[in-house]
Amino acid sequence: MNKRTLLLTFLLFISLISASSIGLQSAAIRVAASVAAQAPAKAASSVRATIPFELNNKHIMVKAKVNGQPITFVLDTGDQVAIVDLDLARRMNLALSGEVRVGGAGAAISTGAMVQNATFTIDGLEGFSQPVRMALPLGKVLSPRAGRDFEGIIGQEFIQQFVVEIDYQGQLLRLHDKDKFVYNGAGESIPIKFMHGHPILEAEVTPVGSTAPLKGKFVLDTGAGLALALYSPFVSEHGLLGPETKTIRSLGGAGAGGETTGRIGRVTELKIGSYTIKSPITMFSQDKAGAFASDQLAGNIGGRVASKFRLFLDYGRKRIIFEPNSTFAAPYDHAQSGISVVAEGGDYRVFRIRAVLEDSPASEAGLLKDDVITGVNNQAATEFTLSKLNELFERPVPYKLTIRRGEQTLQLTLTPRRLL
């Protein structure tokens, strides 16, 4: 077979420590009414389609079809072309050829294939189709962390056909005609450049214990479930893991290159244009290879920052418009459990603890790696999704957990608390 090798900076980062240990409270603190009441762009006539989406751990998931067969795609600005899961592509009998080797978050290389004669459509978007380019083994690593089948990704090739308005609060995508679009809102237009099809913007981070901001180039990555990740060369260059920075061990996020390594802490602030995000939870990468070890960028701004805005992805004009929504002032102030949980089984309702943080509520409760959570507060765990379970464990209240450990059934109490 004629092998075609393709190395991409594929940045999908499904979860940081897992939302159960590092995430956002669901309750939002509202900003001034003038911000909360901001309306979408007034050029309503430019809207070609309005597409609802599911928000799963800050990932935008839209219903679509590939060659007429149903699929769910993640809309990911950290991706370039349409990709489907390799096993799913085989079940769909898609025509595969060659070999594709893809690098991304994590040090490993993922191997897949090119896809021939396949197109995708988006439910609710009439008269549109686009080629599916590649098939990669997405599901093996990412499905258990998403708590659902991780079937595919769409990125730059799709986004650049429109001005894509992302309304996180309404869970809607508005696809504007890029030639007719005129923005009349109160947001701020941030210039972008492109690197491997990914939008790159200038931003500043101010480390803890310093008043001097550090400028850098960041990818805005809606496919990343984190708030902010600083890449290992940037972390090393500026000595960001010094004694003044309180951190805990990352329990391992995952991307196309497998698991990532690093420490979790905070920076004093992240500034994008005139907008200042206070004390975002930050991953300080310690990766030696992969996207998070790149010296070309300072870091990655993910969905937990992006979701504080209504975004307008206007690639044709090389800009992204940031319009704060009513969650903008909500602090990254929440409890952490100290566990990373994955979902297993055909319906992803078997919740297995894949890692436990030392000196955390989880270790103090006696939880161990490979424990299975079968109940929460006398409610069967099968009544939850992984996303809902993660949200619960961000709240600083006691949870009575029923645990299966081998042949034993245990009752343990987990009380998340703030660790950062």
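I began with Lys-308 and found its charged end over the ring of Tyr-332, 4.8 Å from the ring centre. I count a charge as over a ring if NZ of Lys or CZ of Arg is within 6 Å of the ring centre and within 35 degrees of the ring normal.

The model is predicted, so I noted that local features need pLDDT of at least 70 and side-chain atom pairs pLDDT 80 or more, while totals for chains, interfaces and linings use all residues. Residues are numbered from 1 along each chain as its sequence is written, and side-chain values use heavy atoms, with hydrogens and water left out.

Next I searched the whole structure for aromatic pairs and got 16. Rings of Phe, Tyr and Trp (its six-membered ring) pair if their centres lie within 6.5 Å; planes under 30 degrees apart are stacked, over 60 edge-to-face, the rest tilted.

I looked up Phe-181 and Phe-312: the pair is tilted, with 5.9 Å between centres and 35° between planes. Phe-181 is in the loop between β14 (172–176) and β15 (188–191) and Phe-312 is in strand β28 (residues 309–314), so the pair ties together parts 131 residues apart in sequence. Strands are DSSP runs (E, at least two residues), numbered from the N terminus. Both Phe-181 and Phe-312 are buried.

I then checked Phe-194 and Tyr-315, which are edge-to-face because their planes stand at 70°, with centres 4.9 Å apart. Phe-194 lies in strand β16 (residues 193–195) and Tyr-315 in the loop between β28 and β29 (319–324), 121 residues apart. Phe-194 is partly exposed at 31% relative accessible area, whereas Tyr-315 is buried at 5%. Buried means under 20%, exposed over 50%, partly exposed in between (1.4 Å probe, protein chains only).

Last, I recorded one aromatic cluster formed by Phe-73, Phe-120, Phe-128, Phe-158 and Phe-162.

Conventions: Helix = DSSP H or I, 4+ residues; strand = E, 2+ residues; numbered from the N terminus.
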